[in-house]
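Here's a quick look at how some of the strands in this model pair up. Have the sequence and structure open as you read.

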Amino acid sequence: MAYVPLLVVTVFFLLVWDSQRTDLRVRQMVCLLPVLLCLQYLAWRLFSTVWPDQGDSDWSQSWIWGVWGVEILAFIEVAVFLLIMSRTNTRSAQADQHRMPSPLPEVDIFIPTYNEPLDVLEKTIVAAAAVDYPHKTVWVLDDGKRDWLRQFCEETGVRYLTRADNSHAKAGNMNHALAHAQGQFIAVFDADFVPAKNFIHRTLGFFEDPTIGIVQTPQHFYNQDPIQTNLGLMQAYPDEQRLFFDQMAASRDAWQAAFCCGSCSIMRRKAVDAIGGIPTQSITEDLLTTLVMLRKGYQTIYLNERLSMGLAAESIEGFFVQRERWCRGAIQSLFLPAGPLGPGLSVMQRILFFPTSWLTQYAVRLMLIAIPLAYLLLGWLPFHFTDSADMVFYQLPVFLSFFLAMRWLVGGHFSPLVSGPVGVFASFRLGPTVLASLIKPFGQPFKVTPKGSDAVQGRQVDLFSLGMILTCMALTLVGLLMNVVPELAVVPHDEFFPIAMFWSMLNVVTLGLAALLCFEGPRLRKEERFWMAEPATVHDGETSIPVELIDASVGGCKLALPETANGLFKKDKTSLTVQGVGRVTIQPVRQHHGQLAATFEYSSQAQRHAMICKLFSGRYSTVAPTSSSTRLLMSSLWEKTFHG
């Protein structure tokens, strides 16, 4: 009987596994099954394993109640997530059907900036100026008051705007620009996000619906984030934000609960004016803008198409600066009349905009580390243990159903082998941020995420997180060693003991992988390379030689040469004709196994800008065209762990 629920879960997923993820009924059943099993599990936990036992001390009984309370938080987080994921939406077909309004309205493109270097800003400004739309004005909103940036804007043909003070950070910067801009729509790109040429053409048609206030598009990244870099997973695992932008945001849109993400969006000026400009009460002005607009009858929708490319956080410190800002801003919203608890929202809107994940996830992850420690070192059971059969009957089906539901819903965007260590790594820094934000939600200044050449100052180590992780790992190992020696054992070798041993060893592995994340991985290239795999032509004197352009960055490229070209191009400069750019001078760097690496030497700024627009057009990727299988993921982790 103990294995019946496991069998039911297995059979259910075998029956639905090949179903379309857009099938609403199947999607709802997939999301409902883990919730029902979890409710059954929590009821069993409460009535069979939590109620006071006369033999317990006050401390151990309080611990049991505390563990059960954190399990309730975990259930709430999972239930809200599955509620969101029980629907999904796609708007690409709508975008295909839309016609551009006539006459064409004026569109302002805002690029707020504070301290980003030219190697970041150049791409964004050049691509914004090249957006395929006649009635646009590009505004670079410089809170850094930099003369070199003013000059670059003049040379590029875009507007430059600064202000006397930097009050209210990004929100204040955009509000200042609103007093100068006159367009009926405002597209916003952070300084490190490069828009595609067709951004306005794909988004503007949605505003035919007068209730649309904002169209948000996903944020895609052309560089490795710290998780991929520090674990060596660029080719095996998607960036850390892909689950949200590829899956969750589209599901939120189906619930009419999409929200502005601060960049890669376009807003109706009338809606912005209706709410009195961009809200300044929170350091996450984007989320608050959506909530305030909802109360004015304007909704935010989500178009899940790659219409821009940007920089993910490039360092451990940048990762935490960004996440701490998001975490604090989400919690700030709870204390504002315009937040999810304020008047004017439906019950469902309150549930979906409540920062459930920020408030629960770190407590849950830290508790998973603490439970075996409390048992092995203090003898505190997490619950009054009944027998292993009950664990198989009530607990294992919950884990199996949630794992299979996640794999069915989001595919390769979810892997416990990565998400577990990442969660632990983040918890030691962001857990205190949650507590601090609840105690004192306001008063911390807006911090800009460091990007570009200013982002990484050598290979850094997150000593605080590393110290906490190694301490937990050491305590877990001490607990394991103590309890295998009969004279030192704190706990009896009963039926729960092997479960605790397995749990502890799993935690050691998780903590070990989390420790790797504390070490800044090497960044071997100044510029990320895009995989091209397209024909090009090398010119050797009067001879034109067809080659394959394997990959390219703004600074250089790699070519596959025909056998007849081996031995050529070792030192002398030559030229390369690139589709959409023209004939570019190249300086060979090295030639090996029929491939030539070379740097670009542009004849003009216009030619360099054409290369930027080509590379960041959205047609190319920095991820090699190779399988992203579980075996590749395991291989990457093994290589990182044992070979550095």
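Strand β10 (residues 530–540) and strand β11 (residues 543–552) pair up antiparallel, with nine bridges between them. Strands here are DSSP runs of E, at least two residues long, and helices are runs of H or I, at least four, numbered from the N terminus. Two strands count as paired if DSSP finds at least two bridges between them. Aspartate 540 has threonine 543 in β11 as its bridge partner.

Keep in mind that this is a predicted model, where local features need pLDDT of at least 70 and side-chain atom pairs count only at pLDDT 80 or more, while totals for chains, interfaces and linings use all residues. Residues are numbered from 1 along each chain as its sequence is written, and side-chain values use heavy atoms, with hydrogens and water left out.

Back to β10 and β11: they belong to a closed barrel of six strands, in the order β10-β11-β12-β15-β14-β13, with antiparallel pairing. On average, neighbouring strands of this sheet are turned by 45° against each other, direction ignored. Helix α20 (residues 605–615) packs on the sheet, and the strands it touches include β13 (574–578) and β14 (582–592). Contact means heavy atoms within 4.5 Å. The direction of α20 makes about 145° with that of β10; axes are lines fitted to C-alpha atoms, for helices over the stretch in contact, and angles run from 0 to 180 degrees between N-to-C directions.

Now for strand β6 (residues 212–216): five of its five residues are buried, meaning under 20% relative accessible area with a 1.4 Å probe, protein chains only. Its pairings look like this:

| Partner of β6 | Sense | Bridges |
|---|---|---|
| β8 (residues 299–302) | parallel | four bridges |
| β7 (residues 265–268) | antiparallel | three bridges |

Valine 215 bridges to isoleucine 301 in β8, and isoleucine 214 to methionine 267 in β7.

Methods
Buried means under 20% relative accessible area, exposed over 50%, partly exposed in between (1.4 Å probe, protein chains only).
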